[in-house]
Amino acid sequence: MAAAAAGSDSFSSGGGGGGPAAVRLPRSPPLKVLAEQLRRDAQGGPGAWLLSRAALGRGPLELTAVWMQGTVVAAGGGQARLRDPSGAFSVRGLERVPRGRFCLAPGKYVMVMGMVQACTPEPCLQAVKMTDLSDNPVHESMWALEVEDLHRNIP
C-alpha cells in the first residue's frame, strides 16, 4: 500500500529518469467537471484548488485532478482548445501524453484527465491522459448528465 502511494506521488515520463518530459501524477482519482464549474466555483491556485459547493450547502471538494470531456476546437504545439456543453477550456502538455497527439484533430470528441492550472478567464489543464471517444456518440450526449449526477450524489 505504501509503495502504491509513493508511486502515485512520483513523477512519470513514460521512459525513465524524469527530466523535461516528466508529468506529475495525481494523488487521488480525478473529479468529473464541466468548464463552467471550474470558472464559477473553483478557488485557490495550482496544486491547491477547491471546488466550492456552498450553493448546495456542502463543503468544498479538493481538485487534485479533474476529468473533462469535450470537442477539439483547435490544436498545435502540445496544446489544445476544447469545448464542452458549458464552454471552452484549454489543455497543455499534450506532447508528453502517450497517444495524445492522435486525438488532436478538430471535431474529435475526447476525454482529458489532468491537473488544473488556471480557472479564469477559462479553465486550463496540464494533461496526464487523453483518449479519443469519437467512435461512440453516447459519450458526448451523456457527459453533462453524468457530471450532474455525480455532483448530486457526492456527500
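Modeller: Two strands count as paired if DSSP finds at least two bridges between them. This model is predicted.

Colleague: Which residue in β11 is the bridge partner of Val112?

Modeller: Strand β10 covers 109–118 and β11 covers 124–132. The two strands pair in the antiparallel sense over eight bridges, and a hairpin of five residues joins them. In β11, the residue bridged to Val112 is Met130.

Colleague: With which sense, parallel or antiparallel, do β7 and β10 pair?

Modeller: β7 covers 66–76. In β10, Gln69 has Met111 as its bridge partner. Six bridges link β7 and β10, and the sense of the pairing is antiparallel.

Colleague: How many of the ten residues of β10 are buried?

Modeller: Buried means under 20% relative accessible area. β10 is largely enclosed by the rest of the structure, because the number of its ten residues that are buried is eight.

Colleague: How many residues does the largest nonpolar core have?

Modeller: In soluble globular proteins, nonpolar side chains tend to be buried together. Here the residues with the most contacts inside the largest core are Leu38, Leu63, Met68, Leu82, Leu94, Val112 and Met130. The elements giving two or more residues to this core include α2, β8 and β9. The residue count of the core is 28.

Colleague: How many residues are in the second, separate core?

Modeller: Leu34, Tyr109, Met115 and Val147 are among the members of this second core.

Colleague: Is Gln37 buried or exposed?

Modeller: Gln37 lies in helix α2, residues 35–41. Leaving aside residues up to four places away in sequence, Gln37 touches Lys32, Ala42, Leu51, Val147 and His151. Its relative accessible area is 13% and the cut-off is 20%, so Gln37 is buried.

Colleague: How far is the backbone nitrogen of Leu34 from a polar atom of the side chain of Gln37?

Modeller: A polar contact is a pair of N or O atoms within 3.5 Å. The backbone nitrogen of Leu34 and a polar side-chain atom of Gln37 are separated by 2.8 Å.

Colleague: Which strands stand at the edges of the open sheet?

Modeller: Three antiparallel strands form this sheet, in the order β4-β5-β6.

Colleague: How many residues apart in sequence are the parts tied together by Trp67 and Trp143?

Modeller: Trp67 and Trp143 form a stacked aromatic pair, 6.5 Å centre to centre with 20° between the planes. Trp67 lies in strand β7 and Trp143 in helix α3 (residues 137–153), so the pair ties together parts whose separation in sequence, in residues, is 76.

Colleague: What is the relative accessibility of Trp143?

Modeller: Trp67 counts as partly exposed, at 26% relative accessibility. Trp143, by contrast, counts as buried, because its relative accessibility is 0%.

Colleague: Which residue has its charged end over the ring of Trp67?

Modeller: A charge sits over a ring only if NZ of Lys or CZ of Arg is within 6 Å of the ring centre and within 35 degrees of the ring normal. Here the charged end is 4.8 Å from the centre of the Trp67 ring, and it belongs to Lys32.

Terms used. Residues are numbered from 1 along each chain as its sequence is written. This is a predicted model: local features need pLDDT of at least 70, side-chain atom pairs count only at pLDDT 80 or more; totals for chains, interfaces and linings use all residues. Side-chain values use heavy atoms; hydrogens and water are left out. Helices (H or I, at least four residues) and strands (E, at least two) are DSSP runs, numbered from the N terminus. Buried means under 20% relative accessible area, exposed over 50%, partly exposed in between (1.4 Å probe, protein chains only). A polar contact is a pair of N or O atoms within 3.5 Å; within protein, one must be able to donate a hydrogen and the other to accept it, and residues adjacent in sequence count only if both atoms are side-chain atoms. Contact means heavy atoms within 4.5 Å. A nonpolar core is a set of buried Ala, Val, Leu, Ile, Met, Phe, Trp, Tyr and Cys residues joined through side-chain atoms within 4.5 Å. Rings of Phe, Tyr and Trp (its six-membered ring) pair if their centres lie within 6.5 Å; planes under 30 degrees apart count as stacked, over 60 as edge-to-face and the rest as tilted.
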